[in-house]
Amino acid sequence: MSKQPQLDQLNTQMSKCSNCALRKSCTQVVPGEGSANAEVMFIGEGPGAKEDELGRPFVGAAGKFLDEMLGTINLKREGVYIANVVKCRPPGNRDPLPEEVSSCWPWLLEQIKIIQPKLIVTLGRHSMERFLPNQKISQVHGKAMRREIDGIGKQIFYTLYHPAAALYNGSMREVLIKDFKRIPKIIKKIKSEEN
Ligand code: URA
């Protein structure tokens, strides 16, 4: 089976998940969206109010900013894959609890296994921490790092500040935009090293 039907099947299963308490308070599961053949996968923290309402990731103010930044590197959201560490909205947008992240983790791993992106871009501290524990985002943002992750093997990660955090913080916004613009070069380098 090619990647897209595999991912569609997985996301349909995911939409019926009730493995943690978050499903009781949210409107719907937000599996993720984009191309199963994406070279870049963006991983945020979890759905907010708008995402919960529409069933799509990054469709609020932070999502609009993400779309704008994708535009600066000639990408559209249809050409990448966008997902979150937890697929159900934590009530009041609180941080997801460790047990909620753990129970949702296998879904994210399955998505990564199917998509096999060349680059995983973590958006914000919480997403970074899940893959790159004990790091400070202020020190590792804008750096590509190869890490071996149980269940998915070696992956290349690129850490960015979260668009929602940078939205109203001028200096963080500038750094995020600058880091974001380096994505095409990083992908080019990854590809050249493959050959
Ligand atoms: N913030 C996130 O981390 N994910 C979303 O989907 C929206 C906002």
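**Notebook: strands, helices and cysteines**

The labels took me a moment: helices (H or I, at least four residues) and strands (E, at least two) are DSSP runs, numbered from the N terminus.

Before going on, I noted that this is a predicted model, where local features need pLDDT of at least 70 and side-chain atom pairs count only at pLDDT 80 or more, while totals for chains, interfaces and linings use all residues. Residues are numbered from 1 along each chain as its sequence is written, and side-chain values use heavy atoms, with hydrogens and water left out.

**Entry 1: the sheet**

I looked up how S5 and S6 are joined, and found six bridges between these antiparallel strands. Met 145 has Phe 157 in S6 as its bridge partner. I reminded myself that strands of a sheet pair through backbone hydrogen bonds, either parallel or antiparallel. For pairing here, DSSP must find at least two bridges between two strands.

Next I traced the whole sheet, which is open and has six strands in the order S1-S3-S2-S4-S6-S5, with mixed pairing. Strand S1 (33-34) and strand S5 (144-149) stand at the edges with a single partner strand each, so one side of each has no neighbour in the sheet. Glu 33 has its bridge partner in S3, namely Ile 82.

Which helices pack on the sheet? I found H5 touching strand S2 (40-44), S3, strand S4 (119-123), S5 and strand S6 (153-160), with its direction at about 170 degrees to that of S2. Helix H10 (residues 183-194) also packs on the sheet, touching S2, S4, S5 and S6, and its direction makes about 150 degrees with that of S4. Contact means heavy atoms within 4.5 Å. Axes are lines fitted to C-alpha atoms, for helices over the stretch in contact, and angles run from 0 to 180 degrees between N-to-C directions.

**Entry 2: H1 against H5**

I then checked helix H1 (residues 3-14) against helix H5 (residues 98-115): their axes come within 9 Å and cross at roughly 170 degrees. That makes H1 roughly antiparallel to H5 (under 35 degrees is roughly parallel, over 145 roughly antiparallel, 65 to 115 roughly perpendicular, the rest oblique). Among the residues that meet are Leu 7, Leu 10 and Met 14 in H1, and Trp 107 and Ile 114 in H5.

**Entry 3: the cysteines**

How many disulfides are there? I counted zero, taking a disulfide as a pair of cysteine sulfur atoms within 2.5 Å. The sulfur of Cys 26 has its closest cysteine sulfur in Cys 88, 3.6 Å away, which is too far for a bond. Cys 104 is in no disulfide either, as the nearest cysteine sulfur, in Cys 17, is 6.3 Å away.

Is Cys 26 buried or exposed? I found Cys 26 buried, at 9% relative accessible area, and Cys 104 also counts as buried, at 10%. The cut-offs are under 20% relative accessible area for buried and over 50% for exposed, with partly exposed in between (1.4 Å probe, protein chains only).

**Entry 4: two positive phi values**

Last, I looked up Asn 93, a residue other than glycine with a positive phi near 60 degrees. Asn 93 is in the loop between S3 and H5 and is partly exposed at 44%. Gln 116 is not a glycine but has a positive phi of about 50 degrees. Gln 116 lies in the loop between H5 and S4 and is exposed, at 57%.
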